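Biologist: I have a structure on screen and some questions about it. Can we go through them one by one?

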There are 2 protein chains.
Amino acid sequence: MCQLLGMNCNTPTDVTFSFSGFAQRGGITDHHSDGWGIAFFEGQGVRHFVDHQSASTSPIADLIRRYPIKSQNVIAHIRKATQGEVSLENCHPFVRELWGRYWVFAHNGNLVDYAPRLHGSFKPVGQTDSERAFCWLMQELAKSHASVPSVAELSCTLRELVPQIAQHGTFNFLLSNGQALWSHASTHLHYVLRRHPFNRATLSDEDLSVNFADHTRESDRVAVVVTQPLTTDENWVAFEPGRLYAFEDGNLNA
Amino acid sequence: MCQLLGMNCNTPTDVTFSFSGFAQRGGITDHHSDGWGIAFFEGQGVRHFVDHQSASTSPIADLIRRYPIKSQNVIAHIRKATQGEVSLENCHPFVRELWGRYWVFAHNGNLVDYAPRLHGSFKPVGQTDSERAFCWLMQELAKSHASVPSVAELSCTLRELVPQIAQHGTFNFLLSNGQALWSHASTHLHYVLRRHPFNRATLSDEDLSVNFADHTRESDRVAVVVTQPLTTDENWVAFEPGRLYAFEDGNLNA
């Protein structure tokens, strides 16, 4: 299975610490070496990095560990190929534009015999079930709303659409348009809400700890979503399978 | 004015040498420090790097100078803001998907009072005239062909569309879908066709030369398009203003 990492914050925050532990899972502490990718929203813009080298050895992953890019919404993915060859066009996350905003999507799982009718303006470039699911979500969102709706309206529509994909297999995903981070697990995802009072956290996959109190203000809110908990000393919460979660400004929406 | 760099080859080739000289123009030998970007096609996939730091100091530009990413189609851009603020969403090149292929576009120039009717499924994320022009091109291509046409058919359609934009101002651009590189100049663009017998080339902007004969096979073909010639010892050809050029497999199509 692939590994997912998402971050949603109320203030631009660097993902260096979490990505550092996460990237170890791409070829060192776990066996997911069929490429990786990460996308950072900065305002309306997106930085998108993909590489078909493993995240533990990629020069681009090394850059991201060292270069503290600050973002309010981040989605990262380490790939273990189930469908589609190991090539750049099959690396997650995928990016599309809808209503004048970029949308970023990454998926962990396997959708069996999933061939949705893609009659709209979103077509997959690669061969994965994941990109097909993303194109179908974009197509159906485009049909459901004339222009960019509120986060609450988008959550409503996604709650109708997601089960239609999830019935085809394992559908753990992260989706963001730079305003919110939506996430759903059929099997494994965990989240943590980091907020005042901030404490020390220690990575599970690397001998590294950080005292968030040294790097934060009292008002900072950071939500992190990941396949398996990244740290040994934080309160990670397992997702309820089949529930759509929407994170906005570092909070979990009701 | 901004600076453009494009490369089209018949075999995956690294752009390290040309980019090295080009990146110097982002803040050192010229005054274009309002961000930069580069996109590399690898098969159907795209690596897309943008940064609103100047290309001469950006850590990501430094990575690209050192990491020889091999590609058959590359588009790079150094920005001097004329319209739209200095922000990530306004950095070229821009990327969209059409017919299951990625399209990459970068523009140098200024389109005055350019507000095309964007009624299709391509909407600008940022505020530049350039992204509006790209969205209009994608919209009109989508209307003109039901699925991805041949390079020759695309060139025909682009020859009808491009003058409709160019009448609004300076429209020097690079466009690629990973199969070919299309380019048009209202004012300044130059190209060189590198082929056997390969010789030594020396950058104009940096004390660096390379003997291409040491790094090439006899069958290699490389076309490079750039705002101003990058080297002092190659046969750069100035574009005829108003003509659309299509480069495929390192050759200039008739």
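Predicted model: local features only at pLDDT ≥ 70, side-chain atom pairs only at ≥ 80, totals over all residues.

Biologist: Which residues of α2(A) does α1(A) meet?

Modeller: The α1(A) side consists of T16(A), F19(A), S20(A) and A23(A). By class, this contact has four nonpolar, two polar and one charged residues. The partners in α2(A) are A61(A), I64(A) and R65(A).

Biologist: Why do the copies meet through the same surface?

Modeller: Compare the interface residues of the two chains. The copies share that surface because the interface residues of chain B are also interface residues in chain A, at a level of 100%.

Biologist: Which residues are closest to the centre of the largest cavity?

Modeller: The structure holds three cavities of 30 Å³ or more, and the largest has about 430 Å³ of space. Its lining counts 30 residues. Those closest to the centre are V95(A), R96(A), Y102(A), V95(B) and R96(B).

Biologist: Which strands each supply at least two residues of that lining, the one of the largest cavity?

Modeller: By class, the lining of the largest cavity has 18 nonpolar, six polar and six charged residues. Both chains contribute strands. They are β3 (45-51) and β5 (94-98) of chain A, and β3 (45-51) and β5 (94-98) of chain B.

Biologist: Which elements give two or more residues to the lining of the second largest cavity?

Modeller: That cavity has a volume of about 60 Å³. Its lining divides into one nonpolar, eight polar and three charged residues, including H107(B), N108(B), D129(B) and S130(B). The elements are β6 (101-108) and α3 (129-144) of chain B.

Biologist: What is the bridge partner of N108(B) in β7(B)?

Modeller: Six strands of chain B form an open antiparallel sheet in the order β5-β6-β7-β8-β14-β15. Within it, β6(B) and β7(B) (residues 172-176) pair over five bridges. The partner of N108(B) is N172(B).

Biologist: At what angle does α3(B) run to β5(B)?

Modeller: Strand β5 of chain B is an edge strand, pairing on one side only. Helix α3(B) lies across β5, β6 and β7 of chain B. Its angle to β5(B) is about 15°.

Methods. Residues numbered from 1 in each chain as written. Chains lettered and ligands numbered in written order. Heavy atoms only, no water. Contact = heavy atoms within 4.5 Å. Helix = DSSP H or I, 4+ residues; strand = E, 2+ residues; numbered from the N terminus. Nonpolar A, V, L, I, M, F, W, Y, C, P; charged D, E, K, R; others polar. 1 Å grid on protein atoms, 1.4 Å probe; cavity = no way out; pocket = protein on both sides within 12 Å on 5 of 7 lines; lining within 4 Å. Points joined across faces, edges and corners; volume = space filled by probe spheres on them. Pairing = 2+ DSSP bridges. Axes fitted to C-alpha atoms, helices over the stretch in contact; angles between N-to-C directions.
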